[in-house]
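Visitor: Please take one part of this model and go through it closely. I would like to see how its residues are placed and what lies around them.

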Amino acid sequence: MPDLLLELFSEEIPARMQRKAAEDLKTLVTNALVDAGLPYEGAKAFATPRRLALHVAGVPAGSAATREERKGPRVGAPEKAVEGFLRGAGLASIDEATIQTDPKKGDFYVAVIEKPGRSAIDIIAEFMPGILRNFPWPKSMRWGTTSTRWVRPLHSIIATFGPETEEPDVVPFEFDGIKSGKTTRGHRFLADVAFDVRRFDDYAPALEKHKVVLDADRRKEIILADAKDRALALGLELVEDPGLLEEVAGLVEWPVVLTGSFDEAFLEIPDECIQLTIKVNQKCFVLKDPKTGKLANKFVLISNIVAPDDGQLIIAGNEKVIRARLSDAQFFWTSDLKTKLTDNLPKLNDVKFHEKLGSVGERVQRLIALSAELAPLVGADAAKAKRGAELAKADLVSAMVFEFPELQGLMGRYYATAQGEDASVATAIEEHYKPQGPSDNVPADPVAIAVALAEKLDLLTGFWAIDEKPTGSKDPYALRRAALGVIRIVLENNLRLKLGDLILSALKAQSAKADDEAALVADLLSFFADRLKVHLKDEGMRHDLIDAVFALDGQDDLLMVVKRVEALQKFVSSDDGTNLAAGYKRAVNILKAEEKKDGTPVTGKPHADHLAEQAEIDLAASIDTARAEAAEAVKSEDFEGAMEALSKLRAPVDKFFEDILVNADDPALRMNRLQLLAEIRDATHVVADFSKVAG
């Protein structure tokens with residue numbers, strides 16, 4: 001079957017836009033093909049700094065003819081209904097419709113719409129200009145005197161279509177004066193000549209001959225392998241950076257790896273500052289000594305050309321810029337060290353945290369109070385926790401963090417250590433932002449735990465108080481991340497905390513006051529429950545079981561919630577659990593029906609005198625025993641023991657429903673049996689709300 005090859009050749013596309021643009025091109029074109037009745041076998045998109053390319057394999061030569069019968073209004077229907085039918089069916093007059101008879105509904109009009117098959121080339125030529133005109137670039141530009149908009153000036157378009165055994169045809173279309181063809185150009189500096197291509201099988205190799213590596217992932221592989229080899233030759237190790245690797249692969253069409261160096265005196269600057277300075281300013285990788293783990297005074301740069309002097313001039317140019325930027329970083333570092341972190345604290349009063357939540361200085365005071373409250377709960381020294389919270393934001397007004405905001409917290413740790421602060425305090429300054437994502441580490445030092453929890457609880461309660469909660473996909477203040485951070489800190493450190501009480505304490509410290517604090521706490525706890533579901537998803541935990549536990553009153557000890565859910569999941573996966581859940585649902589459904597009929601809830605304990613048959617006598621006794629054992633097990637936090645106690649109800653519940661007619665004619669007997677069902681419901685609620693359990 002024929003293949004389609006597209007290439008959009010332009011000036012340099014920003015690296016950050018390339019991968020998404022290639023996927024957008026693939027999605028738009030393949031969707032248009034399918035919509036036109038042209039299913040395909042496979043498609044792959046590519047991007048280099050100067051081109052987007054798409055190969056679609058196995059496209060039919062043309063679309064199939066179609067025949068559709070469209071039912072219209074009844075004969076004799078109002079004129080407007082007939083006109084709408086004609087318009088929708090594309091008929092000139094009602095004479096072009098046929099009349100069919102329905103024995104029940106009478107005569108009605110039918111339009112027979114026949115569409116002949118079309119050539120794939122004609123279809124592609126028809127939809128491509130619209131795709132290009134409306135391409136979803138984040139930013140685009142116009143150039144020259146045309147109305148063309150593209151991310152950068154567009155120079156040429158390749159569009160060929162045909163089977164591999166024949167010479168493919170050019171798909172003829174025009175985009176604001178640029179006609180499609182089969183000609184492209186090689187590397188801007190190494191092979192800047194025009195050449196023709198036919199199909200993808202000769203397109204990719206031809207580009208390679210003209211010094212263009214088409215596949216971005218292959219460019220990344222080349223860069224990474226060559227950079228590691230260069231480092232090894234120097235007795236060093238590459239400091240890998242996936243984000244930087246993705247970016248530099250989007251800056252070059254023919255990657256050439258070179259190494260340079262800088263003055264060893266700059267190594268007195270913290271490694272992270274050196275790495276970030278070199279990365280941000282020159283898009284270069286740094287190297288480290290594998291023996292010490294510290295950075296070496298070497299770097300790896302990626303060139304887009306094979307230079308006649310083996311890149312010496314390129315290396316010298318990069319070394320010059322890096323020397324200047326590291327001089328700046330060294331100045332920031334030494335000047336920051338001269339200023340005590342405590343001297344920075346008054347400046348935080350002039351830094352606005354949020355219009356409705358005050359300054360950063362005011363926030364620091366809240367963190368101090370909340371960290372002190374948390375300290376004894378997490379095994380931290382209260383004085384150190386207060387000191388960590390006091391200095392946590394002090395580096396925000398340092399010169400280094402002003403230049404590189406990514407280093408906040410880390411620089412605070414360096415400055416605190418240099419100024420003789422306790423090691424736990426310095427750690428808390430760095431780690432109070434953590435974890436910042438699913439792969440980030442969780443604070444383990446008790447002082448850092450206290451300050452990190454305070455940071456996140458203050459953030460959440462503050463924005464809840466001013467009703468700035470996440471909505472849909474929007475979460476500008478990263479509140480979901482903060483809640484997940486609290487959950488991970490609690491669970492990974494096995495902390496026993498009453499989250500509701502801590503939320504209330506943090507809320508009372510906010511300058512913004514909530515109208516209904518209890519409702520706000522409940523809403524925020526519900527938000528934590530949702531985040532807990534997300535966190536436990538990868539561990540195979542069922543969402544409905546989390547709901548079943550959170551539905552009980554007072555479930556704000558996250559560690560115990562998870563342990564209870566784990567025991568519940570194990571229980572409901574067993575035969576006893578499955579059958580008891582089924583019996584529970586049967587009991588609850590009967591109760592709901594009767595309570596709805598009578599208009600009153602079933603309450604009160606069943607009377608022993610009204611237990612007439614052995615099955616209900618046995619069930620009543622089993623409920624009393626199981627509830628007592630389960631309650632005692634829950635009290636001692638033995639949730640598996642609680643589930644085991646409930647499992648003893650399975651046989652008597654099954655027997656009850658086999659032998660007993662709940663809706664007896666005798667009203668007293670009927671009510672007694674309904675109360676027995678209510679006892680089943682209440683007994684299971686010692687462990688979880690089984691009404692939330694799916695299945």
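Guide: A residue is called buried when its relative accessible area is under 20%, and exposed when that value is over 50%. The model shown here is predicted. With those cut-offs, look at helix H24, which spans residues 650–659. Its buried residues are Pro-652, Val-653, Phe-656 and Phe-657. These four lie on the same side of H24, because they cover an arc of only 130° around the axis. The face turned away from that buried side carries Ala-651 and Glu-658, which are exposed.

What do the buried residues of H24 pack against? Their partners are three helices: H21 (575–598), H22 (614–635) and H25 (667–684).

Strand E9 covers residues 154–162, and eight of its nine residues are buried. E9 runs antiparallel to strand E1 (residues 3–10), and eight bridges join the two. In this pairing, Gly-162 of E9 stands opposite Asp-3. Strand E12 (residues 178–181) pairs with E9 in the parallel sense, over two bridges; there, Ile-157 has Ser-180 as its bridge partner. Strand E10 (residues 169–170) also pairs with E9 over two bridges, in the antiparallel sense. Here Phe-161 stands opposite Asp-169. Six residues lie between E9 and E10, and the two strands form a hairpin.

Finally, a residue in another helix: Glu-126 belongs to H3 (residues 120–133). Glu-126 counts as exposed because its relative accessibility is 57%.

Definitions and conventions: Residues numbered from 1 in each chain as written. Predicted model: local features only at pLDDT ≥ 70, side-chain atom pairs only at ≥ 80, totals over all residues. Heavy atoms only, no water. Buried < 20%, exposed > 50% of the residue type's maximum accessible area, 1.4 Å probe, protein only. Arc of directions from axis to C-beta. Contact = heavy atoms within 4.5 Å. Pairing = 2+ DSSP bridges.
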